[in-house]
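Dear colleague,

Please find the structure below, followed by a summary of what was found in it.

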Amino acid sequence: MSTVAETQIKLTPEHDARPGATVRSRLQDLLPKIVLAPSFAATIIFVYGFILWTIYLSFTNSKTFPSYDITGARAYQRLWRWTFESDPPSSWYTSITNMGIFGFLYILICLALGLFLAILLDQKIRGEGVLRPIYLYPMALSFIVTGVAWKWFLDPGLGLEQTLHQWGWTSFHFDWIKNKDFVIYTVVIAGVWQASGFIMAMFLAGLRGIDGEIMKAAQIDGATTFQLYRRIVIPLLRPVFLSAFIVLAHLAIKSYDLVVALTSGGPGGSAWLPSNFMYEFTFKRNEMAVGSASAVIMLMTLTAIIVPYLYSELREKPR
Amino acid sequence: MSAVTSPARQASSGVSARTINRIVIYGLLALFALFYLMPLFVMLVTSFKTMDEIQNGNMLALPQSPTIAPWFKAWGETCVGLTCAGIKGYFWNSIKMVVPAVLISTLLGALNGYVLTKWRFRGHTLVFAMMLFACFIPFQSVLLPMATILGSIGRFGASLQNATGFNFGLGNSTVNLVFVHVVYGLGFTTLFFRNYYEAFPTELVKAAQVDGASFFQIFRRIMLPNSMPIFVVTVIYQFTNIWNDFLFASAYAGTGDVMPMTVALNNVVNTSTGVVEYNVNMAAAMIAALPTLIVYVVAGRYFVRGLMAGAVKG
């Protein structure tokens, strides 16, 4: 902070004396708002305005090109019908079922693995400085790169299966990535690989923030390590769980690239998530209204998770 | 941690239990390190192998006769769609998009954060909340209107081109993507700077105001010189996000010479014509990953801090 004190500030005392002073000082008063205005306007137009536009489109019968005649909730009715069309599954049914499987497993495994690794790393480990970046680097990669790497690794003819066959375990069979019933689980594997290290870092930061005195007191009282973590540490980490959940839920609903790069949508679109559904219906199948309706549903799901969280975060510290 | 158990048990079996404990912990940590390193390792060794070796050898084996030919081929010769000039052009597309997008969004974020903390007005929390929420929306909900608008701007640019000989960047894919990334990155950059400036002593700003320093003078002379850490965090965060983006890139620059790196890589890998050259694919993936990996290696500390700041507010 010492640089602040040393910083020289040019004084401009003359500005009151001149005739244009009032205009200038009023301009000075407005300046902060003028500076903020373009960003805020951009947010209003390109976020909220566009969301309204998308909602509008979802009530039209837009196909290849947008049409602006309101024709009612047909797109939603179709989605609703497709929601229950499980045999043969409609693409929407597949997408939302996959979202459920992927979202649940991805969030659960990332949280569990992240917490587990953070606890292990917190046992005064030698070489923590080496291990931490190894767990974390996947977060720096693009989903496309992750997808390419795992596609190769999980390919039955090239990757893991082939390798184990060469090592003599010829009965080993692992073709999930080509199997329409299991392909979504390969997305979970790659997704967990990418994000769990980051969740670990969040938990580790949380663990390091816990008061050592509390731990010591519990140890003196004769708590076992397991009890210590179950009864004291993990409850103290609640805010971290919440933040990690929000990050993961948000990543899960937005996941699009990973499915594209890893599975190209899977056999017959069996790996689709709602984001893939939206993209395909809007840009490839010329069902713009249905695509928009699915985007609105995605947005509403995320809003239901994010808004209460943001509300509590912004309210917590009244300023 | 075995020190927690009762002193009597500790005396009898303390040393060996502790040792076993440590071995288990280190074993597990090493195992997970392998899990995280494996895909990168496979990608790296494969990119240095010949096709012969890939088809007949083991995925995990080190290259017998390492060759960097796949890297050169990926950079300068491999086919992306119908053009076979390597990925170098797309790599530069990404650079040309990332640099301005990162700089503009970071600078705007700094100014916004400065206003939202030091020049508060009625409703500043609402303005911030609205910008913050924009970070979290699924971009699918704005994808189509933006495509429509960019399309109209492109047509306008083309008619300007006819009339004046210049299109002023209107309709240019790189310009479009810079614009899109700035708009949808503003929420995050504003969040970062707002949280950072929140902790910055307001008295200094007040004192400077009393001395007659103007809005921009205070920003330039007081705020900026003390903002280095948050600039690093924001730039890294934005760089990683924009470089890795695929959704906007494929929607607004998904074909032809204008594709950014991620879209081009996806095209290379999913091209089904001819023999699939896995070594070239892996080299291309490595090239696409290198910029962000290098940033991560050089400034990992800031990278993590940036991700955290995006997760834990306030």
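Which residues touch the most other members of the largest nonpolar core? They are A149(A), I87(B), L265(B), A284(B) and A285(B), in a core of 180 residues. Such a core is a set of buried Ala, Val, Leu, Ile, Met, Phe, Trp, Tyr and Cys residues joined through C-beta atoms within 7 Å; buried residues have 20 or more other C-beta atoms within 10 Å of their own, with C-beta atoms placed from the backbone. Helix α8 (residues 183–208) of chain A is the main contributor, with 15 residues; helices are DSSP runs (H or I) of at least four residues, numbered from the N terminus.

The model is predicted: local features need pLDDT of at least 70 and side-chain atom pairs pLDDT 80 or more, while totals for chains, interfaces and linings use all residues. Residues are numbered from 1 along each chain as its sequence is written, and chains are lettered from A and ligands numbered from 1 in the order in which they are written.

Beyond its neighbours within four places in sequence, A149(A) is in contact with P39(B), L40(B), V42(B), M43(B) and A285(B) (contact: C-beta atoms, placed from the backbone, within 7 Å). The contact between the chains takes 92 residues from chain A and 83 from chain B. On the side of chain B, helix α13 (residues 278–311) gives the most, with 14 residues.

Chain B is assigned domain 1 (1–36) and domain 2 (87–311), with bounds from an automatic or database assignment. Their centres, taken over C-alpha atoms, are 46 Å apart.

Kind regards

Note on methods:
A residue is buried if 20 or more other C-beta atoms lie within 10 Å of its own, exposed if 12 or fewer, and partly exposed in between; C-beta atoms are placed from the backbone. Helices (H or I, at least four residues) and strands (E, at least two) are DSSP runs, numbered from the N terminus. Two residues are in contact if their C-beta atoms, placed from the backbone, lie within 7 Å.
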